[in-house]
Amino acid sequence: MTDEASDQSAVPGIAGFLPQAVEGFSPLEADRFFTADTLFDLINGGAEIYRALNVRHTVHRRYVHPESSDIIADIFDMGSAADAYGAWHNDIREGESAGMGRESEYQGGSLSFWKDRYYVSVVALYETDLTARAVRGIGRAVADAIPGDAQPPRLTRQLPGEGLLAEQVYFFHDHQGLTRRYRLGDGNPLLLNRHTEGLLARYRSAASGDTTTPPFILLLIRYPSSEAADLAHRNFRASHTPGWKEQPAIRTAGGGWTSSCLLGDRVAVVIGAADRNEAATLIQAVRSSTEPEPTR
Amino acid sequence: MTSRKTELTRRDFLQAISGAAVVGAAGGSLLGSKSAAASPAPPPGTSAPGKSSVVLVRDAAALDENRKVNGPVVSRMLDQAVAALFDEESPEKAWSRLFGPDDTVGIKTNHWEFLPTPPALEEAIRRRVAGAGVPAARISVADHGIYENPGFTGATALVNIRPMRTHHWSGVGSLLKNVITITPSPSDWHGDSCADLAGLWSLPGIKGKVRLNILVMLTPLFHGKGAHHYQAEYTWPYGGLLVGVDPVAVDATGLRILEAQRKIHFGEDVPFTIPPHHIRMAEEKHHLGIADPARIRIIRIGTMENALV
């Protein structure tokens with residue numbers, strides 16, 4: 001069986017995760033299904049984000065209630081837990097946890113979570129006590145129906161905890177995905193592509209002692225091989241920090257401090273730190289948290 | 001008799017949007033620039049040279065406690081706005097200055113399921129266009145695929161209507177952006193946060209045809225999050241409509257309202273995730289209309305409490 005055939009057989013499956021009725025809400029009409037190629041028909045403007053994260057299928061259902069505004073539920077089959085993680089972390093996650101899936105948030109009538117390879121969104125058009133109960137009920141039913149519970153990307157375990165703004169961790173594959181969050185100059189200095197996996201994490205600066213100072217950035221990228229990582233690291237240093245010798249950090253044109261290191265098949269880059277020590281300390285913390293990779 | 005009436009209506013229309021700065025507002029070729037440049041002083045309630053007029057109409061009864069739209073109320077608001085825009089006592093006269101029996105009219109709406117144009121407003125426009133003498137068979141309402149919709153490809157006139165909201169690519173979903181479905185390849189216009197959306201208004205299917213722009217501000221979306229960029233938390237019951245001939249001026253006014261609401265909600269000036277600079281570019285680069293608030297006259301109808309502009 002090909003992957004494509006497997007994907008097609010999975011389509012009815014994701015619709016089966018959705019409950020038929022919750023709190024008096026029931027489906028308005030037949031479910032709508034979308035592929036990566038047709039997702040533009042569902043998401044006005046934002047489909048590219050999910051396409052870049054390898055979305056495979058989406059089921060879309062509108063629930064109605066005779067005395068309430070509607071609720072819209074979507075399940076995105078992202079193909080992997082890493083990409084489901086990435087889809088959920090595409091937004092700043094500062095709302096309360098809804099206690100379902102691997103990570104979840106309920107905020108202002110909207111619930112979202114990710115579990116295994118699925119990213120789930122349940123949105124009330126207008127929040128009332130009734131729609132809040134129903135949104136959570138639909139989400140709980142979906143979370144219970146999804147059988148797996150895969151872990152977040154391994155890279156997340158290498159993010160040092162001190163100073164980390166956990167609500168602002170973004171996952172990406174290619175340069176365009178990175179650029180959506182941070183513009184790393186012209187070109188593609190880290191040689192990112194659809195086979196790389198990266199995290200962009202923001203850290204509160206302890207050195208500045210000022211909470212109004214913009215956070216600085218850690219990029220942590222995993223390449224298909226150590227050779228690819230080495231090439232990318234050398235390319236980054238040559239293009240982004242020319243003049244770098246062996247010092248622990250270097251001041252770049254933007255005014256902040258940059259540091260980087262090669263860790264086997266991974267590259268870590270700190271950007272915009274308040275001083276040399278802050279940049280070097282975070283890089284050292286990443287080194288310390290690096291665990292041996294299992295043989296692939 | 002019929003054709004004379006239509007010509008007169010168009011001449012009146014040219015007067016209503018006169019002033020070089022609004023030459024592009026109704027879409028270039030209708031005004032052709034010669035006509036507009038030579039047009040006499042505009043009537044009161046519309047535009048003065050170098051300025052654009054926008055009507056803001058608000059009514060607390062436009063929404064019920066569940067934010068369901070009250071059709072008769074919003075229809076009345078639309079009539080009030082159009083009458084005020086053209087300084088007519090009756091909405092019938094105002095609409096008759098916009099359309100005539102010889103027209104084929106496309107009503108470009110927006111069917112985004114989280115915040116669509118209320119059907120009651122679509123119906124109100126359809127009714128008023130018909131009342132101006134346009135046969136029902138020559139009035140079309142559509143959102144997607146208008147580039148291949150005969151009701152639009154053969155249109156002599158367009159009405160452009162949509163709710164305002166924040167948007168993934170363009171910062172805000174605006175009237176300027178609403179006509180993007182005139183092209184089969186909308187993604188061609190996504191570069192630099194859709195900076196050049198005003199260029200759409202020079203395409204043959206749009207140029208010179210849009211006679212009325214209506215920005216629905218009943219429950220605007222001032223911030224976006226999630227797969228669909230929608231959370232009810234980021235809407236509020238503003239209960240208004242913004243109506244004008246110049247799409248840039250109407251969008252610029254709507255944007256000011258969104259910016260003000262963001263400041264109230266977040267407690268500070270929080271920049272849009274994606275800069276909505278296509279509105280400013282519409283004036284500065286494309287000369288389609290006026291984005292500068294100092295040159296936009298707001299005609300106010302109804303309650304102005306917390307109007308934010």
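Modeller: Helix H3 (residues 71–85) of chain B and helix H4 (residues 91–98) of chain B have axes that come within 8 Å and cross at roughly 65°. H3(B) is therefore roughly perpendicular to H4(B), a label for angles of 65 to 115 degrees. Axes here are lines fitted to C-alpha atoms, for helices over the stretch in contact, with angles from 0 to 180 degrees between N-to-C directions; helices are DSSP runs (H or I, at least four residues) numbered from the N terminus. The crossing of H3(B) with H4(B) is left-handed, meaning that the near helix is turned anticlockwise from the far one by less than a right angle.

This is a predicted model, in which local features need pLDDT of at least 70 and side-chain atom pairs count only at pLDDT 80 or more, while totals for chains, interfaces and linings use all residues. Residues are numbered from 1 along each chain as its sequence is written, and chains are lettered from A and ligands numbered from 1 in the order in which they are written.

From H3(B), Asp79(B), Val82(B) and Ala83(B) meet Pro91(B), Ala94(B) and Trp95(B) of H4(B), where contact requires C-beta atoms, placed from the backbone, within 7 Å. The residues of this contact comprise five nonpolar, no polar and one charged; Ala, Val, Leu, Ile, Met, Phe, Trp, Tyr, Cys and Pro count as nonpolar, Asp, Glu, Lys and Arg as charged, and the others, Gly among them, as polar.

Elsewhere, Leu241(B) touches residues including Met77(B), Leu78(B) and Ala81(B), not counting residues up to four places away in sequence.

Technical notes: Helices (H or I, at least four residues) and strands (E, at least two) are DSSP runs, numbered from the N terminus. Angles under 35 degrees count as roughly parallel, over 145 as roughly antiparallel, 65 to 115 as roughly perpendicular and the rest as oblique. Two residues are in contact if their C-beta atoms, placed from the backbone, lie within 7 Å.
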